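Here is a short note for a colleague opening this structure for the first time. Please read the numbered points with the model in view.

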Amino acid sequence: MLRVLYLVHDLSDPAVRRRVLMLRAGGAEVTLAGFRRGENRLAAVEGVAPVELGATQDARFAQRLAAVARAGATLRQRLAGMARPDVILARNLEMLALAGRAQGIFGGAVPVAYECLDIHRLLTGKGVASRGLRAAERHFARKAGLLVTSSPAFVEHYFKPLSGVRAPVHLVENRVLELDGPAGDLPPRAKQAGEPWRIGWFGAIRCRRSLDLLAAFTRRMEGRFEVILRGRPARSEFDDFDGLVAREPFIRFEGPYRNPEDLAAIYGDVDLAWAIDFFEEGLNSAWLLPNRLYEGCRHGALPIVLGGTETARLAGLRGIGIALRDARLETLVTRFSAFDGDSYRALHAALARLGPKPWIHDRADCAAFVQRLAALRAPAAEPAPVPSLLASKVDCHDH
């Protein structure tokens, strides 16, 4: 069984939970280590007790760097007694830095895979800070045997032209986990006359511009459309998230959910899925393929996408969804003014024809991912536990 040490920047991130489930379903034994950032008990994975490396805060970059430095100084102690992993999977740049430290602790020969599912705007700029971060990424990735990412646009627009990371690329899209395959095709949807159309915005709720646009839109449409929010609000991006939502007559927040267990229920309660993000406008938000695209399509909620983005490109290739040519309120109002049951049924039929398979990862997909990680291994002697601090006084140097 492949032993994977998974180093993560946020233990409370539901996407981390999904990756751990994927690795375990593919036949790997997973040790999870990382930072705690807020509380989300629904992100906990049964049977996995994480090794906590400290606490970090959202949108506090300097604080995160200091926390990583402290974790690096105590990593040997925290990993003491752990069996030598076959592969280290490092999620995000700060964890890639710690992966080099862990390599040294385990003898230097453990292969590393770098998982990067978002490109922070600081990595893409022309200033001193951006050049420094890219130099750090190149340095820490120089021994990485694999780059795991979720969108071809990340490779095209960042990794090839800018990053300097030269590891082979393995694409793992943000598909829904259905380990035993799809239970069935998309069920037909029925809509009662006069019932409002519901837009679901689920997952990481971090885009103030989206919230403002949806608030203005639902008010303009005078109740014909409602917005349901679920997931984890990035409260650092909103002056008063709860107050903003409370003041909107046609928007409500219904808390966190479990992924993938609750997806069928929450998407079954909406008609459309908001798959637009302005958080890193023109950069990450234009390049990503968000979880909500796959989740909505798998469960029959039509995606609303923005033209010129990778999300719109994929939706267009598959002939699905509703594309907006721009993000102006008038564009949104015009597109949906004449939206009715016939419009919805035609669009839903196009989505249903694709079936669920393009939107899911099954057990075979999980096994293929674990096999790709396993291919990084070089023949090695029988793994040994990490020596404890009491048993070794040898200093560990970065690699």
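1. Start at asparagine 92. At 18% relative accessibility, this residue counts as buried (buried is under 20% relative accessible area, exposed over 50%, partly exposed in between, with a 1.4 Å probe and protein chains only). Asparagine 92 sits in the loop between strand 4 (87-91) and helix 3 (93-105). Helices (H or I, at least four residues) and strands (E, at least two) are DSSP runs, numbered from the N terminus. The phi angle of asparagine 92 is near 80 degrees, a positive value in a residue other than glycine.

2. A word on the basis. This is a predicted model: local features need pLDDT of at least 70, side-chain atom pairs count only at pLDDT 80 or more, and totals for chains, interfaces and linings use all residues. Residues are numbered from 1 along each chain as its sequence is written, and side-chain values use heavy atoms, with hydrogens and water left out.

3. Glutamate 222 also has a positive phi in a residue other than glycine, near 55 degrees. Its place is the loop between helix 6 and strand 10. Glutamate 222 counts as exposed, at 69% relative accessibility.

4. Two strands pair if DSSP finds at least two bridges between them.

5. How many residues of strand 9 are buried? The count is 8 of the 9, so strand 9 is largely enclosed by the rest of the structure. Strand 9 pairs with strand 10 in the parallel sense over 9 bridges. One partner pair there is glycine 203 with glycine 231 of strand 10. From strand 9 the chain crosses through helix 6 (residues 208-220) to strand 10, a right-handed β-α-β crossover. Right-handed means that, with the strands pointing away from the viewer, the path from the first strand over the helix to the second runs clockwise. Strand 9 also pairs with strand 12 in the parallel sense, over 2 bridges. Isoleucine 199 has leucine 272 in strand 12 as its bridge partner.

6. Isoleucine 304 stands opposite isoleucine 322 in strand 14.

7. Aspartate 277 deserves a look. It is in the loop between strand 12 (272-274) and helix 9 (284-287). Leaving aside neighbours within four places in sequence, aspartate 277 is in contact (heavy atoms within 4.5 Å) with Arg206, Cys207 and Ser285. The side chains of aspartate 277 and arginine 206 are joined by a polar contact of 3.3 Å. A polar contact is a pair of N or O atoms within 3.5 Å; within protein, one must be able to donate a hydrogen and the other to accept it, and residues adjacent in sequence count only if both atoms are side-chain atoms.

8. The structure holds 27 salt bridges (a side-chain nitrogen of Lys or Arg within 4 Å of a carboxyl oxygen of Asp or Glu). One of them joins arginine 36 and glutamate 52, at 3.1 Å, N to O. Arginine 36 is in strand 2 (residues 29-36) and glutamate 52 in strand 3 (residues 51-55), so the pair ties together parts 16 residues apart in sequence.

9. Another salt bridge links arginine 252 to glutamate 226, the closest N and O atoms being 3.4 Å apart. Arginine 252 lies in strand 11 (residues 251-253) and glutamate 226 in strand 10 (residues 225-233), 26 residues apart. Arginine 252 is partly exposed at 32% relative accessibility, whereas glutamate 226 is buried at 17%.

10. One check remains, at a peptide bond. The bond from asparagine 259 to proline 260 is cis, with omega near 15 degrees. Proline 260 belongs to the loop between strand 11 and helix 8 (263-268).
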